[in-house]
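Dear colleague,

I am passing on the structure we spoke about, and I would be glad if you could look through it alongside the notes below.

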Amino acid sequence: TWKYLVADGRAQPHVASKGELDELRELIKRNLKDAALAGLSDDNKLGLAYEAALISVKMAVACAGYRIKGQGHHKTMFEALPLAMGAAERKTADLFEGFRRERNVVSYDAAGRVSATDAAAALTEARALFRRVEAWIAAHHPRYL
C-alpha cells in the first residue's frame, strides 16, 4: 500500500505539475525513439526502453500523489505501478522487473547478454505502457494533459 511505502521511507507525498509531466513525456519519447535506432546494441536498446517504461511509471506515481525515493527505487517504482493504476498493471510490473534485472547485468557486469528478441519486447512493452499511462492520465487526471 502507499501507506506502507511511505512508512518504509520508499515513497513520499508529492504534488505533480503539468510542466513536470511534460518534461517526463519528452524524456520518454526520446528514449523510445533512440531505442529503435539501427546499429544500437541490443543491451542499450533494452536499457533505453526500460528507462522509458520507468519514467512512464514515474508519471503515473506522480499523478497518484507520490514520489518514489531511496535505494532500490527502480524496483519500488514497478511495485508502485499497480497501486497507482490498478491491479491490471501487475503483469507489466513483473515483466519490467525482469527487464530491470537484465539491464543491471548488462549495465554493471557483462556486455552482450541481451537478445534482439528481448530488446524488441522491451521496446514494444515500453511503448504500450506509455500509451496506457497517458490514457489513464486522460481518464483520471486530465489536468496534467
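What follows is a short account of the charged pairs and of one histidine. Please keep in mind throughout that this is a predicted model.

The structure holds 11 salt bridges, and I describe some of them here.

Glu 79 forms a salt bridge with Arg 10, and the closest N and O atoms of the two lie 3.0 Å apart. These residues are 69 positions apart in the chain, with Glu 79 in helix α4 (residues 73-85) and Arg 10 in the loop between α1 (2-7) and β1 (11-13). The two partners fall into separate accessibility classes: Arg 10, at 19% relative accessibility, counts as buried because the cut-off for that class is under 20%, whereas Glu 79 has a relative accessible area of 29% and is partly exposed.

Glu 97 counts as buried, with a relative accessibility of 10%, while Lys 75 is partly exposed at 37%.

Lys 29 forms a salt bridge with Glu 26, the closest N and O atoms being 3.9 Å apart. Both residues are in helix α2 (residues 18-35), and because they are 3 residues apart there, about one helical turn separates them. Lys 29 is partly exposed, at 44% relative accessibility, and Glu 26 is also partly exposed, with a relative accessible area of 48%.

Beyond these pairs, there is a network of salt bridges that links Lys 18, Asp 22, Arg 25 and Glu 134.

Finally, a word on His 74, which is found in helix α4. Leaving aside residues up to four places away in sequence, His 74 touches Tyr 50, Leu 54, Arg 100 and Arg 103. By contrast, the C-alpha atoms of His 74 and Tyr 144, which are 70 residues apart along the chain, are separated by 23 Å.

Definitions and conventions: Residues numbered from 1 in each chain as written. Predicted model: local features only at pLDDT ≥ 70, side-chain atom pairs only at ≥ 80, totals over all residues. Heavy atoms only, no water. Salt bridge = Lys/Arg side-chain N within 4 Å of Asp/Glu carboxyl O. Helix = DSSP H or I, 4+ residues; strand = E, 2+ residues; numbered from the N terminus. Buried < 20%, exposed > 50% of the residue type's maximum accessible area, 1.4 Å probe, protein only. Contact = heavy atoms within 4.5 Å.
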